[in-house]
Amino acid sequence: MQASEKSVGKNVAFVEEQLQAIFNARIIKNVVRSFKYLYGLRFEVKGLEHFEIEGPCVIVSNHQSILDMMGLMEILPERCVQIAKREVLFMGPVGLVTYLGGVIYINRKRTGTAKSVMSEVSQAMMSDNLKVWIYPEGTRNMNGDLLPFKKGAFHLAVQTQVPIIPVVYSSFSSFYNPEKNTFTSGKIQVEIFPPISTKDLTSEDVDELTMQCYTTMRENFRRLSGKSRETNGEASTLGQ
């Protein structure tokens, strides 16, 4: 067996192991949610009913900092697995929590490995009726705007013909500054938006679908964060 085949086999086994671990999420969810009291955070959530759909789906949300994890635990639906970059696994306690919670890691530096993992995820999503949560910006971002979206989540949704559900967290900048290492209590608004259908879409529609989600999420990020269009300017929509 060639080295590449061994690598794919290991990744498939790891994905299967992590899919089993998503059932730990209930315990982790209760533990992590308690941290909001320690940090003095309040969450206002709107649109939870949009998670109450039959069948699998792809959930996409903006990603600002590790505080997202607390917001995630406020709304995490049942039978939901998260996709994260491999580097998260090595972030000390955070890596341990994500590992135990069934997060599936993508090595973006190895395209072949990433594709094999996503292929396994897509099969499991359909056969086991799972929701898959992806951060399309690809990394944490506290610049006050959204980064261009990578298209992996949208390819996955189109290939499997499942709906996409956008989720937006308001800006953390009013109470959290990672550069100055300052943190005060604050309120985070989280809004879940209606599912976007991918029925009858093909790979040729992925760019337009990505733009649709990006535009919706960016406009609502501004609204929830009290930012104007002029404050943020215009940004490129699509990543790789």
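Student: To how many salt bridges does the count come?

Tutor: The rule asks for a side-chain nitrogen of Lys or Arg within 4 Å of a carboxyl oxygen of Asp or Glu. By that rule the count comes to four salt bridges. This is a predicted model, in which local features need pLDDT of at least 70 and side-chain atom pairs count only at pLDDT 80 or more, while totals for chains, interfaces and linings use all residues. Residues are numbered from 1 along each chain as its sequence is written, and side-chain values use heavy atoms, with hydrogens and water left out.

Student: With which residue does D145 form a salt bridge?

Tutor: The partner of D145 is R218, and the closest N and O atoms are 2.5 Å apart. D145 is in the loop between β5 and α7, R218 is in helix α8, and 73 residues separate them.

Student: Are D145 and R218 buried or exposed?

Tutor: Relative accessible area decides: under 20% is buried, over 50% is exposed, and partly exposed is in between, with a 1.4 Å probe and protein chains only. D145 counts as buried because its relative accessibility is 10%. R218 is buried too, at 4%.

Student: Which residue forms a salt bridge with D207?

Tutor: D207 pairs with K151, with 3.2 Å between the closest N and O atoms. D207 lies in helix α8 and K151 in the loop between β5 and α7, so this pair ties together parts 56 residues apart in sequence. K151 is buried at 18% relative accessibility, whereas D207, at 36%, counts as partly exposed.

Student: What does R223 form with E191?

Tutor: Those two residues form a salt bridge whose closest N and O atoms are 2.8 Å apart. R223 lies in helix α8 and E191 in strand β9 (residues 186-192), so the pair ties together parts that are 32 residues apart in sequence. E191 is buried, at 9%; R223, at 46%, counts as partly exposed.

Student: Which residues does I134 touch?

Tutor: Contact means heavy atoms within 4.5 Å. Not counting residues up to four places away in sequence, I134 touches V58, I59, V60, S61, I83, M118, A153 and L156. A84 can be read likewise: this residue of strand β3 is in contact with V103, I104, Y105 and I106, its neighbours within four places being left aside.

Student: How many residues of helix α4 are buried?

Tutor: Eight of the eight residues in α4 (residues 68-75) are buried. D68 and E74 are among them.

Student: How many disulfides does a search of the whole structure find?

Tutor: A disulfide requires two cysteine sulfur atoms within 2.5 Å. The search finds zero. For C80, the nearest cysteine sulfur is that of C57, 7.3 Å away. C80 is buried at 6% relative accessibility, and C213 is buried at 0%.

Student: Last, the surface. Which residues form a nonpolar patch there?

Tutor: F35, L38 and Y39 form one, with about 330 Å² of accessible area together. F35 is in helix α3 (residues 35-39) and counts as partly exposed, at 38%. Patch members have over 30% relative accessible area and no salt bridge; like charges are joined within 9 Å, nonpolar side chains (Val, Leu, Ile, Met, Phe, Trp, Tyr) within 5 Å. Areas come from the Shrake-Rupley method with a 1.4 Å probe, and for residues only the protein chains shown count as cover. The protein exposes about 12400 Å², of which carbon and sulfur atoms supply 51%.

Note on methods. Helices (H or I, at least four residues) and strands (E, at least two) are DSSP runs, numbered from the N terminus.
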